[in-house]
Amino acid sequence: MNAYSIPNPNGPSRILSFDAEKCVGCNKCVNVCPCDVMIPNPKPGREPIVLFTEECWFCGGCVEECPFGALTLVTPAKQRVSTVWKRKATGEEFRVGMKNPLPPNTKPPSGNR
Amino acid sequence: MNWHEYVAETGEIPAWPYPLEYGNEKVIESDVLVIGGGVAGCRAAIAALKRGATVAVADRGFSKRSGEGGAGVDHWHGAVTNPCSKITPERYSEAAMETTQGYTNGLARYIIGKEGYDTLLEVEQMGVQIRDEDDEFKGSIFRDDETKLMFAYDLENKHCLRIYGYNIKPAVDKEMRRLGADVYDRVCITSLLTEGGRQGARVIGATGVSDRTGLFYIFKARAVVVSSGRTVRLWSFAPEYTESQSMCNINQTAMGHTIGWRAGAELIMMEQVVPHRLSGMGYAPYSTGNNNNTYQGAPTVDKNGKEVHYATAFGELVYDEKDIFMPSEEGSFVIGHGIALDHGQMPKYKITVTDPKLGEKLRSGEYEQPFYTDFTLLSEQSRRLIFGMMLSNEGKCRVPVYKTLTAWGYDPDQDMLQYPVADYGPQGLIDSSWAGAGQTPAKWKMGGGGFLTDWRLMTSLPGLFAAGCGPLPSQGCHGESHTAGRYAGRQAAVFALKHEAVEPDPEQIAKEKARVLGPVQRGGDVSWKEMNAAVARLMQDYCGDYKTEYTLDMGIRRMKDLMETEGERMYASNPHELARAIESLSLAELGIAYMQAAKARKASCPVLGFFRNDYPDSPEEWHCFVAVCQKDGEVQSRKVPCDYYLQEPYSPVLEENYRKYAELD
């Protein structure tokens with residue numbers, strides 16, 4: 001194992017999750033980001049590097065821009081623990097990021113485009 | 001992949017991926033320059049292009065998604081000329097003035113009333129859905145079955161629409177580029193160029209720096225539209241903690257205010273204290289249980305399933321869904337949230353809110369926390385309208401909230417979304433619980449001020465036009481920014497085609513270039529973040545809840561000292577940091593403008609939330625705007641009547657002024 005001398009992370013470490021199988025390194029997400037938080041990977045075809053994590057405002061524009069569905073927005077842990085719900089019939093409590101995830105609710109948003 | 005993963009995988013620090021162009025210049029000439037490619041800027045560019053002007057747009061981010069409105073919208077305010085509306089532009093503007101005792105932008109509100117709906121119809125032409133075309137909500141009380149328009153806030157007067165705006169920014173961006181706008185993304189504008197380099201003279205361009213390459217831009221233009229954002233980094237700065245929690249992003253530094261102040265423009269309403277928008281202790285907008293704005297009409301229940309009812313502004317509980325969306329007083333109408341008209345709002349214009357006795361009932365044990373938003377109490381159609389339609393289209397909600405919640409299995413048909421547990425106090429759950437109202441005291445932040453404009457939305461500097469909820473005083477919402485942008489762009493084009501181009505002063509450019517490149521050329525030991533945090537500390541200390549002439553002067557002095565000392569020791573490791581450093585420096589300058597505005601009003605003003613410890617009274621002679629500006633480096637201020645746009649040299653009749661100045665085809 002290697003250890004590196006690097007500065008502390010700035011807030012949340014993982015704000016975006018890339019599916020390496022789907023990502024082709026097109027960098028469309030890099031270029032659409034209003035805050036310019038990513039840079040292209042020096043290795044062509046690889047997923048971008050998220051550099052300025054604390055400058056992300058979690059708008060999700062990059063997720064919508066990705067033609068391959070390779071990107072997921074990962075809300076910070078402090079946000080995940082605050083987005084909590086209770087199933088009315090059973091009283092069970094759930095949250096974003098829960099240990100044993102529920103099946104997704106696949107109902108699409110309203111609207112036709 | 002994150003930076004540390006890359007380093008661990010390769011053992012290498014990634015080199016800066018873009019060419020370094022520190023010191024290089026690029027000159028761009030156009031009839032109209034638009035500063036800030038948010039929704040207001042895009043609409044200004046489109047309008048100017050349609051009037052035959054050539055247009056350059058400088059955007060801090062990437063205009064497809066940039067700006068506060070870049071992430072979507074669900075409400076369209078001020079659509080008072082839609083076929084179902086019972087409100088006239090006159091009534092809309094006059095109500096705004098009445099409810100704020102004149103402390104708003106009656107002029108812009110009239111323009112918005114006149115053109116807001118037409119501006120929306122253009123968006124529909126650009127491919128944005130604004131009607132329930134598929135009849136999903138047929139028969140709903142929120143829908144007009146003939147036009148298929150859907151209404152929010154006020155079902156009697158129908159002047160505010162619900163729209164499917166999640167993709168509105170890509171649509172207006174595409175149209176702007178299709179019409180031939182010359183768009184420069186990733187440019188941090190650093191100054192306005194004025195005729196002869198003089199403060200108070202005609203604006204003839206701007207300078208900027210690229211956050212990717214460090215290239216220095218010189219924009220030359222016959223007219224300039226400033227449509228930049230407001231600020232979220234001035235009173236508090238902790239992005240490591242606050243990243244996800246605000247409706248404003250880190251690019252929003254009110255740079256337009258700062259460069260306008262430096263160029264000598266008159267600013268008004270800068271002293272207004274706007275609560276509840278502090279980035280900090282809140283939650284991702286609309287990600288927790290709440291009953292506000294986008295969620296208006298969503299039922300709230302307590303731990304035991306007991307419903308918390310809505311109430312009129314007069315405290316009368318309402319039980320019927322339709323009554324939640326009715327004016328609190330017969331014959332009046334609901335102004336609605338998010339358009340900077342909440343300050344001192346008169347009850348008759350207020351929307352229904354949570355039972356005002358909730359705090360009391362919580363303490364007596366009648367209710368127990370946690371509270372939940374319980375959509376299951378609604379009809380399937382109304383549930384779908386709030387969660388499936390409004391939430392999925394509202395800014396910063398489609399991916400971060402709708403897609404995230406549903407991906408994790410949240411189902412409004414059977415699940416109750418929990419509110420933050422907090423001291424909801426006497427105000428009940430009024431205002432969005434996600435904004436941290438229960439956690440963050442409403443203090444510190446001023447904002448809401450902007451450029452004093454004439455009927456053309458031209459500022460006190462010839463050739464400089466203002467648009468958007470940053471530069472225009474007392475503006476708030478997405479649709480208003482479109483409408484004012486469209487109007488200002490038209491005006492700028494007319495101005496540009498009537499005025500000759502003027503060559504900027506080389507000395508002004510050279511001086512600015514040296515200032516901007518300072519952090520990379522001389523090096524230093526103060527980072528942009530350290531500088532920003534120091535600015536915020538001074539604002540908290542000297543422009544917070546305690547304000548006197550003496551402490552404001554201290555604050556101004558210390559801010560200048562900070563700029564001249566640590567400001568001269570700032571460093572930047574790459575162009576991205578350089579642009580952030582320039583922003584941090586500009587915030588110090590903006591802080592001085594705010595403190596000068598606070599100093600200039602020698603009275604308190606409750607409706608503006610503005611209190612001076614040394615002038616606790618609010619006498620009638622101070623019932624006016626106070627315009628502040630710099631002339632030859634000295635600060636000047638003057639009183640301006642709140643209805644200046646109906647006084648000499650203007651007509652007392654709104655419509656007459658509009659006809660005279662609106663530059664209709």
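What span should the 21 residues of helix α12 (residues 478-498) of chain B have, and how far apart are its end C-alpha atoms? The first legend takes up this point, and the others follow through further views of the predicted model.

**Figure 1. Helix α12 of chain B, its length and its burial.** At 1.5 Å a residue, the helix should span 30 Å, and its end C-alpha atoms lie 31 Å apart, which agrees with that expectation. Most of α12(B) is covered, with 18 of its 21 residues buried. Ala492(B), whose number falls within the range 478-498 of this helix, is one of the residues that touch the most other members of the largest nonpolar core.

**Figure 2. Overall dimensions of chain B in the predicted model.** Chain B comprises 17 helices and 21 strands. Its C-alpha trace spans about 70 × 65 × 55 Å along the principal axes. For 665 residues, a compact globule would have a radius of gyration near 26 Å, and the value of 24 Å for chain B agrees with this. Buried residues account for 61% of the 665 residues. Among contacts in chain B between residues at least 6 apart in sequence, 75% link residues at least 24 apart.

**Figure 3. The largest nonpolar core.** This core contains 228 residues, of which Val32(B), Ala45(B), Val224(B), Val225(B), Leu267(B) and Ala492(B) touch the most other members. The greatest contribution to the core, 14 residues, is made by helix α16 (residues 575-600) of chain B. With neighbours within four places in sequence left aside, Val224(B) is in contact with Leu33(B), Ile35(B), Leu192(B), Val203(B), Gly205(B), Ala206(B), Gly463(B) and Leu464(B).

**Figure 4. Strand β17 of chain B and its partner strands in both chains.** Strand β17(B) covers residues 415-418. Asp415(B) and Leu417(B) on one side, and Met416(B) and Gln418(B) on the other, are all buried, so that both faces of the strand are covered. Strand β5 (residues 84-87) of chain A pairs with β17(B) in the antiparallel sense, through three bridges. Within this pairing, Trp85(A) has Leu417(B) as its bridge partner, and Lys86(A) has Met416(B). Strand β16 (residues 372-373) of chain B also runs antiparallel to β17(B), to which two bridges join it. Here Tyr372(B) is bridged to Gln418(B).

**Figure 5. The side of chain B that touches chain A.** In this contact, 63 residues of chain B meet 60 residues of chain A. The elements of chain B that supply two or more residues to its side are α1 (3-10), α6 (239-242), α10 (380-393), α11 (398-407) and β17. Helix α11(B) provides the largest share, eight residues. Sorted by class, this side of chain B holds 28 nonpolar, 21 polar and 14 charged residues.

**Figure 6. The open sheet β3-β5-β4 of chain B.** Three strands in the order β3-β5-β4 form this open sheet, and their pairing is antiparallel. Two bridges link β4(B) to strand β5 (residues 161-162) of chain B in the antiparallel sense. In this pair, Leu161(B) is the bridge partner of Phe151(B).

**Figure 7. The open sheet β14-β13-β15 of chain B.** This view shows an open sheet of three strands, ordered β14-β13-β15, with antiparallel pairing. Its edges are β14 (317-318) and β15 (353-354); because each has a single partner strand, one side of each is left without a neighbour in the sheet. Strand β13 (residues 310-311) is joined to β14(B) by two bridges, and the two run antiparallel. Tyr310(B) has Val318(B) as its bridge partner in β14(B).

**Figure 8. The surroundings of Ser93 in chain B.** Ser93(B) lies in helix α3 (residues 89-99) of chain B. It counts as buried because 26 C-beta neighbours fall inside 10 Å. Apart from neighbours within four places in sequence, Ser93(B) is in contact with Gly106(B), Arg109(B), Tyr110(B), Gly113(B) and Leu654(B). Of these, Gly113(B) is 20 residues from Ser93(B) along the chain, and the C-alpha atoms of the two are separated by 7.3 Å.

Methods:
Residues are numbered from 1 along each chain as its sequence is written. Chains are lettered from A and ligands numbered from 1 in the order in which they are written. This is a predicted model: local features need pLDDT of at least 70, side-chain atom pairs count only at pLDDT 80 or more; totals for chains, interfaces and linings use all residues. A residue is buried if 20 or more other C-beta atoms lie within 10 Å of its own, exposed if 12 or fewer, and partly exposed in between; C-beta atoms are placed from the backbone. Helices (H or I, at least four residues) and strands (E, at least two) are DSSP runs, numbered from the N terminus. Two strands pair if DSSP finds at least two bridges between them. Two residues are in contact if their C-beta atoms, placed from the backbone, lie within 7 Å. Ala, Val, Leu, Ile, Met, Phe, Trp, Tyr, Cys and Pro count as nonpolar, Asp, Glu, Lys and Arg as charged, and the others, Gly among them, as polar. The expected span of a helix is 1.5 Å times one less than its number of residues. A nonpolar core is a set of buried Ala, Val, Leu, Ile, Met, Phe, Trp, Tyr and Cys residues joined through C-beta atoms within 7 Å. The radius of gyration is taken over C-alpha atoms; the globule rule is 2.2 Å times the number of residues to the power 0.38.
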